[in-house]
Structure formats: structure tokens, C-alpha cells
Amino acid sequence: MNILGIESSCDDTAASVLTEAGVLSNVIASQSIHIQFGGVVPELASRAHHQTISQTVEQALVEAQLAIHDIDVIAVTQGPGLMGSLLVGLSFAKGLSLAHQIPIVGVNHMDAHIFANTIEHTLDYPLIALTVSGGHTQLTKLNSSNELNIIGQTRDDAAGEAFDKIGKLLGLDYPAGPKMDLLSREGNPLFHAFPKGLINQGLDFSFSGLKTSVLYYLQDHDDAFIADHFNDICASVSHAITEVLVAKLEHAMQMYSIPRAVLAGGVSANSMLRAKITIMAEKNGFIIHQPALAYCTDNAAMIAATARVMLQNEPSIGIAQRLREGWEIHPYASQPG
Ligand code: KG4
Ligand code: ZN
């Protein structure tokens, strides 16, 4: 089965072709227009999607060396995400579907981050997922690939949001997460002990206290000191965030006696997090899959992969019926995914 994935939930326009042979193309057009505003501007995001979606899908087909009539299923992000951004991808996918009579499957963006791991691994269940993105920080217990229960989530900022907002305080461009990651590699993670919110309290997360603590720390130190220790401060912030993420995942796996997990979402590209997860898994004898870097941040291969999982789970529904299923935006489509 040849699946064309389309993703437009936030500020990346993405298209990918997935077949039995694997991912044949994974095209991502990232929007640089938001840098000057320090965050995603929804109206500009939907306009940029509108400008690039046609050529992005075209490029995905060209790279896959397939034509649209070779596509068996179109998979498109239905939410959560920014309403205007989602509508561009959905409308485009619907148009393609109607024009070429190709069945279409609506995919949940958060599920897709998790099932990005199916691109390179066969997953066994039950399984715990730690999903860390710009809009969400969630621990999910998967009893099977179609029974997902959220067992922990952030009470305020998401982990990626914490990286981005703290990076902004430090004067870094949006999105600051990847830049913080690079700078942290040159710094001392134990330079300053920033707070590790809720680290020993249940499975929920909180990162807003860390953000405030960094703000006060910067106000209390002069510019020369901050410049001299910039990488150490970045490393100490990254340490605080990643310690909490690893401790909560370990706690969830021990609490539910589930020795298997996957990491998911944009922050799963973070090198300090990946290294600590590997050490934690080895210490406990756990199997924890981490997606390849190309499948951590928003991409359309994960959307196609999720449609494949959904179709494996519900063959009785039949993909043709999905053409007639509801096209409404996902109920919680108002927050960035
Ligand atoms: O999953 P994603 O691409 O989009 C959402 O669904 O939100 O995640 C984007 C988030 C941003 O907050 C970005 O700063 C963060 O992931 N991120 C990182 C890294 N790469 C992306 N954070 C820390 N280290 C990274 N290497
Ligand atoms: Zn995402």
C-alpha cells in the first residue's frame, strides 16, 4: 500500500510517501517568517502553508518516483493544531481525494508522534510513550495500538515551550530548543541547580517555575557574567528539563511494570535527553525506542505511518468508508501540537 502523508498542523508544511519498502520521501518546508516574531503567528502560518503545500506534495511524489494515481491512501493531520494551518492541509487532501478518487484517513497529530516509532521499529504492547513537543508533554500508556490512555501531562508549559521561552529570555531565536541543545554540549550541566518541577511527585509535569527561576537568575547577574557562562546556563537548564523527563518516564514504567517505551515529539531530538534515556534504559533493562532525528520534529512520514497502524487495526471499517466520515477539525484543535 502506498500512503501519501500530509501534515500542516503548526509551522511546518510536510508531505511524505510511505510504502511497504519504507519511507520513499519525507519533505518538510519549515516557515522562517516566524523568527522575527519570536513564536508562531497563526495567520502567517496558514498563509505560508497555502503558498507551499502544492509544491511540497508534488516534491514528495517526485522524490518517491510515484505519480498521484499510484497512491492508495491519503493520510492527513486532522488535529490538534492551529485551526487555519490544519484547514490548509485538510482542504488540500480532500481536494486530491475527490479529484483522484483516493480514500483518505484523518490522523491525530499526537498519536502520530508516537507511531513515528513504527517507521523503524516493531512495537510490542503494553507500552509507555513520553511525548515531548512544543505544545504537549504527555505520558501515554498504550495497551495496544488503538488503546491509548494519557497517564501524565504538563500542568503549564510543555517541555519544548520551556526550551523556547527560556531560550527567548537568553536572546536566542525561535525555536530555541535546537540552539539550546547545541550550546549545552559545550557547557557544564551542573553549573547551576535550576528547579526540577514536580520531579518526585506523580506523573504530571510543570515547567513554568523553571522559566521564572531562569528569569530571576538572569536579572541577578550582570551581562558579562552571563556572556562568560552562557553555555553553562544553557546546559544547566537542559539538565533540569531532561532530568524531570527521564525521572517521570522511569517512574511510569516502574509504576505500571511495563519495560517498553518510546520517546516522541520534537524535544526527543534533544541530545542530552537521548543520552540520559539510553542510560536509564540500560540501568533498568528496559527497551526504549527513540525515533530517528528526521521523525522527531513535525513530519508527514509519521502521519502516513499512523494511518497504516489505523488501517491495520480497523480493516473491517474499510478505507473507502472513511471518505464519508466526519471532516470536522479535531475537538482540541486550538493548541499547537
Ligand atoms: O513536535 P514538534 O516539531 O512540534 C510540535 O508538535 O510542537 O516540536 C517542536 C518543539 C519546539 O519547541 C522545539 O524547540 C523543540 O521541539 N525541539 C527541541 C530540539 N529540537 C526541537 N528542543 C530541545 N532540543 C532539541 N534538539
Ligand atoms: Zn508535533
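Contact, as used in the exercises below, means heavy atoms within 4.5 Å. The structure is a predicted model.

**Exercise 1. Helices H4 and H8**

Determine how H4 is oriented relative to H8, and which residues form their contact.

*Solution.* 
Step 1. The two helices, H4 and H8 (residues 230–255), pack with axes 11 Å apart and an angle of about 170°.
Step 2. Angles over 145 degrees count as roughly antiparallel, and H4 is therefore roughly antiparallel to H8.
Step 3. On the H4 side the contact consists of Ala159, Ala162, Phe163 and Ile166; these meet Val237, Ser238, Ile241 and Leu245 of H8.
Step 4. By class, the contact residues of H4 and H8 comprise seven nonpolar, one polar and no charged.

**Exercise 2. Helices H4 and H5**

*Solution.* 
Step 1. From H5, Ala176, Gly177 and Met180 meet Phe163, Asp164, Ile166, Gly167 and Lys168 of H4.

**Exercise 3. Helices H1 and H2**

Describe the geometry of the H1 and H2 pair, including the handedness of the crossing.

*Solution.* 
Step 1. The axes of H1 (residues 42–64) and H2 (residues 83–100) cross at roughly 30° and come within 8 Å.
Step 2. Since angles under 35 degrees count as roughly parallel, H1 is roughly parallel to H2.
Step 3. The crossing of H1 and H2 is right-handed.
Step 4. H1 contributes Ala45, Ser46, His49, His50, Ile53, Ser54 and Val57 to the contact, and H2 contributes Gly84, Ser85, Val88, Gly89, Phe92 and Leu96.
Step 5. These residues of H1 and H2 divide into six nonpolar, seven polar and no charged.

**Exercise 4. The two domains**

Characterise the interface between domain 1 and domain 2 by its buried area.

*Solution.* 
Step 1. The domain assignment places 3–115 + 296–336 in domain 1 and 123–290 in domain 2.
Step 2. The C-alpha centres of domain 1 and domain 2 are 27 Å apart, and the contact takes 18 residues from domain 1 and 22 residues from domain 2.
Step 3. About 1600 Å² is buried between domain 1 and domain 2, with 65% of this area given by carbon and sulfur atoms.
Step 4. Within domain 1, Met110, Ile114 and Cys296 supply 37% of the area buried against domain 2, more than any other three residues.

Terms used: Residues numbered from 1 in each chain as written. Chains lettered and ligands numbered in written order. Predicted model: local features only at pLDDT ≥ 70, side-chain atom pairs only at ≥ 80, totals over all residues. Heavy atoms only, no water. Axes fitted to C-alpha atoms, helices over the stretch in contact; angles between N-to-C directions. Helix = DSSP H or I, 4+ residues; strand = E, 2+ residues; numbered from the N terminus. Parallel < 35°, antiparallel > 145°, perpendicular 65-115°, else oblique. Left-handed = near helix turned anticlockwise from the far one by under 90°. Nonpolar A, V, L, I, M, F, W, Y, C, P; charged D, E, K, R; others polar. Domains from an automatic or database assignment. Buried area = accessible area lost by both parts, 1.4 Å probe.
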